[in-house]
Amino acid sequence: AISLSQESLSNVKLVQETKLIEKLFDEISLDTGKYSYGVMDTLKALDMGAVETLIVWESLDVNRVILNGPDGTEVERFLTPAQEADRTNLLDPDTGAELEVKDKMPMLEWLTEVYKEKGAVLEFVTDRSTVGSQFVKGFGGMGGLLRYKMDVAMLDGDDHNLYYDDDEEVVDDDDDDFF
C-alpha cells in the first residue's frame with residue numbers, strides 16, 4: 001500500500017510540474033513578455049523582484065561564486081563546473097588580473113535561501129517528463145513566470161542592437177523602430 005501511494009504521489013507531482021512548465025511555454029509561445037528563461041535572464045528578473053514563480057531543474061549544476069575584486073569589491077558570478085575550470089571566467093574584465101574566490105556554493109542552495117526575499121515562489125522540476133526534458137535541454141533548466149511584462153534582454157549591457165555613444169545617449173542602430 002505504501003509503495004502504491006508513493007507512486008501515486010510521484011505521478012501527481014509529475015502532472016503538477018508538467019502543468020507549470022506548460023504554463024511557461026504558453027507564455028513564451030504567446031510572447032506575453034511575462035516570462036524569463038535561462039539562468040542569467042531569470043536571475044536578472046529575480047533580482048528586480050519581477051519573478052512570481054521561479055522554476056528550476058532539481059539537478060541544475062551551477063555554482064554561485066563570489067570573487068574578490070581588485071578594488072575590494074565583490075564580484076558575483078554563476079558558473080557551471082566547465083566554466084569554473086576555464087580560468088578566464090575568474091579574471092577581472094578590465095585588468096585581466098585573476099580574482100580570488102571568496103565564496104562558492106551551489107546555486108540551488110543559494111536560491112533556497114533568497115527566493116522569498118525576492119518575492120518569488122520556488123518550484124523544483126525534474127526532466128522525467130517530455131516537457132521537463134525540453135525545459136532542461138532547450139531553456140537551460142531555469143525560468144520564471146513574471147508578475148508583469150518586461151523585456152529581460154533589454155536589461156543586458158551586451159545587447160547588440162543597443163549601445164551608448166560618447167554622450168551616453170541611447171542609440172538605436174537597427175531598423176526595428178521600437179524606440
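User: In this predicted model, is D31 buried or exposed?

Analyst: D31 has a relative accessible area of 54%. The cut-off for exposed is over 50%. D31 is therefore exposed.

User: Where does D31 lie, and what is its phi?

Analyst: D31 is not a glycine, yet its phi is positive. The residue sits in the loop between α1 (2-29) and β1.

User: In what order do the 4 strands of the open sheet run?

Analyst: The pairing in this open sheet is mixed. Its edge strands, each pairing on one side only, are β1 (35-37) and β6 (121-125). Neighbouring strands are turned against each other by 15 degrees on average, direction ignored. The order is β1-β7-β2-β6.

User: How many aromatic pairs does a search of the whole structure find, and how is the pair of Y35 and Y37 classed?

Analyst: The search finds 4 aromatic pairs. For Y35 and Y37 the ring centres are 6.2 Å apart and the planes stand at 10 degrees. Planes under 30 degrees apart count as stacked. The pair of Y35 and Y37 is therefore stacked.

User: Which of these classes, buried or partly exposed, applies to Y35, and which to Y37?

Analyst: Y35 has 16% relative accessibility, so it counts as buried. Y37 has 36% relative accessibility, and therefore Y37 counts as partly exposed.

User: Which residues do ring pairs link into a cluster with Y35 and Y37?

Analyst: Helix α5 (residues 130-139) has several buried residues, among them F135, V136 and F139. F139 is also a member of the ring cluster. The residues linked with Y35 and Y37 are F25 and F139.

User: How many residues apart are F78 and W110?

Analyst: These two form a tilted aromatic pair, 5.2 Å centre to centre with 55 degrees between the planes. F78 is in strand β4 (residues 74-79) and W110 is in helix α4 (residues 107-114), so the pair links distant parts of the chain. F78 counts as buried at 12% relative accessibility, and W110 is buried with a relative accessible area of 12%. Their separation is 32 residues.

User: Which element gives the most to the lining of the largest pocket?

Analyst: The largest pocket holds about 270 Å³ of space. Its lining includes M40, L43, F78 and W110. Both α2 (39-47) and β4 supply at least two lining residues each. The element that gives the most, with 5 residues, is α2.

User: How far apart in space are L14 and R128, C-alpha to C-alpha?

Analyst: L14 is found in helix α1 and is partly exposed, with a relative accessible area of 25%. Leaving aside neighbours within four places in sequence, L14 is in contact with T126, R128 and S129. L14 and R128 are 114 residues apart in sequence. Their C-alpha to C-alpha distance is 8.0 Å.

User: Which residue with a positive phi follows α5?

Analyst: The buried residues of helix α5 (residues 130-139) include V131, G132 and S133. The residue after α5 has a phi near 80 degrees. That residue is G140.

Notes: Residues numbered from 1 in each chain as written. Predicted model: local features only at pLDDT ≥ 70, side-chain atom pairs only at ≥ 80, totals over all residues. Heavy atoms only, no water. Pairing = 2+ DSSP bridges. Axes fitted to C-alpha atoms, helices over the stretch in contact; angles between N-to-C directions. Phe/Tyr/Trp six-rings, centres within 6.5 Å; stacked < 30°, edge-to-face > 60°. Buried < 20%, exposed > 50% of the residue type's maximum accessible area, 1.4 Å probe, protein only. Contact = heavy atoms within 4.5 Å. 1 Å grid on protein atoms, 1.4 Å probe; cavity = no way out; pocket = protein on both sides within 12 Å on 5 of 7 lines; lining within 4 Å. Points joined across faces, edges and corners; volume = space filled by probe spheres on them.
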